[in-house]
Amino acid sequence: MSQARAALSILMAEDDADDRVLMRDAFRDSGVEVELEFVPDGVELMARLNALIDAPDGELPDLLLLDLNMPRMDGREALHAIREHDGLKHLPVIILTTSRARLDILASYQLGANSFVTKPSRFEELIAVLRSLERYWTDIVQLPTEKQGSGE
């Protein structure tokens, strides 16, 4: 009863170029079908999201993956801006960071994060995490769509 589903569209804010390569490789090796786009910080994230909202044919991503520690606008500030924006507040935001700090976890959820995931240190574990995220966000939960937002 499995239906073919479209690739999950993910916009990821990650300032570390090596981590971006690692994430791209991990998604590739995981077999998870994604349309993956990166921005280097919260300023660029907000600019990209606003550009998508303003574009006549712009579609927002299905998920946002957000690092906490970035220059210019960090993940906490970006999450706050997303949750304050009427056109963005519905987007699922997953914090994906190296932090295990209790205060980072608590603050992220208080600011409206949907999940907080600490980046695994081993590549194989990262692949397993990405597969779990994909299964959860595509097979278990219902993602918001524009049609749902318009009352259909």
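Arg72 sits in the loop between S3 and H3; helices (H or I, at least four residues) and strands (E, at least two) are DSSP runs, numbered from the N terminus. This is a predicted model, in which local features need pLDDT of at least 70 and side-chain atom pairs count only at pLDDT 80 or more, while totals for chains, interfaces and linings use all residues. Residues are numbered from 1 along each chain as its sequence is written, and side-chain values use heavy atoms, with hydrogens and water left out.

Arg72 is not a glycine, yet its phi is positive, at about 65 degrees. With a relative accessible area of 56%, Arg72 is exposed (buried means under 20% relative accessible area, exposed over 50%, partly exposed in between, with a 1.4 Å probe and protein chains only).

Now step back to the whole chain. The protein has six helices and five strands. Read from the N terminus on, the order of its elements is β-α-β-α-β-α-β-α-β-α-α. UniProt, in an unreviewed entry, lists residues 9-134 as "domain: Response regulatory"; its positions are given in the numbering used here, feature names are shortened, and annotations may be inferred rather than shown by experiment. Over residues 9-134, 46% of the chain is helix and 19% is strand, and the end C-alpha atoms lie 11 Å apart.

How does the overall size fit the chain length? For 152 residues, a compact globule would have a radius of gyration near 15 Å, and the protein agrees because its value is 15 Å (taken over C-alpha atoms; the globule rule is 2.2 Å times the number of residues to the power 0.38). Along the principal axes, the C-alpha atoms fill a box of roughly 40 × 40 × 25 Å. Among the 152 residues, 41% count as buried. Of the contacts with a separation of 6 or more, 67% are between residues 24 or more positions apart, where contact means heavy atoms within 4.5 Å.

The largest nonpolar core has 22 residues, and Leu45, Leu49, Leu64, Leu66, Ile82 and Ile95 touch the most other members. Such a core is a set of buried Ala, Val, Leu, Ile, Met, Phe, Trp, Tyr and Cys residues joined through side-chain atoms within 4.5 Å. Two or more residues each come from strand S1 (8-13), helix H2 (42-54), strand S3 (63-66), helix H3 (75-84) and strand S4 (93-97). H2 gives the most to this core, with four residues. Leaving aside residues up to four places away in sequence, Leu45 touches Leu11, Ala13, Val39, Leu64, Leu66, Ala78 and Ile82. Another core, of 21 residues, lies apart from this one and includes Leu8, Leu63, Leu126 and Leu130.

Strand S4 deserves a separate look. Which of its residues lie on each side? S3 and S4 run parallel and are joined by three bridges; two strands pair if DSSP finds at least two bridges between them. Leu65 has Ile94 in S4 as its bridge partner.

The last stop is Glu125, in helix H5 (residues 123-140). Glu125 counts as partly exposed, at 34% relative accessibility. Glu125 and Ala26 are 99 residues apart along the chain, and their C-alpha atoms are separated by 9.6 Å.
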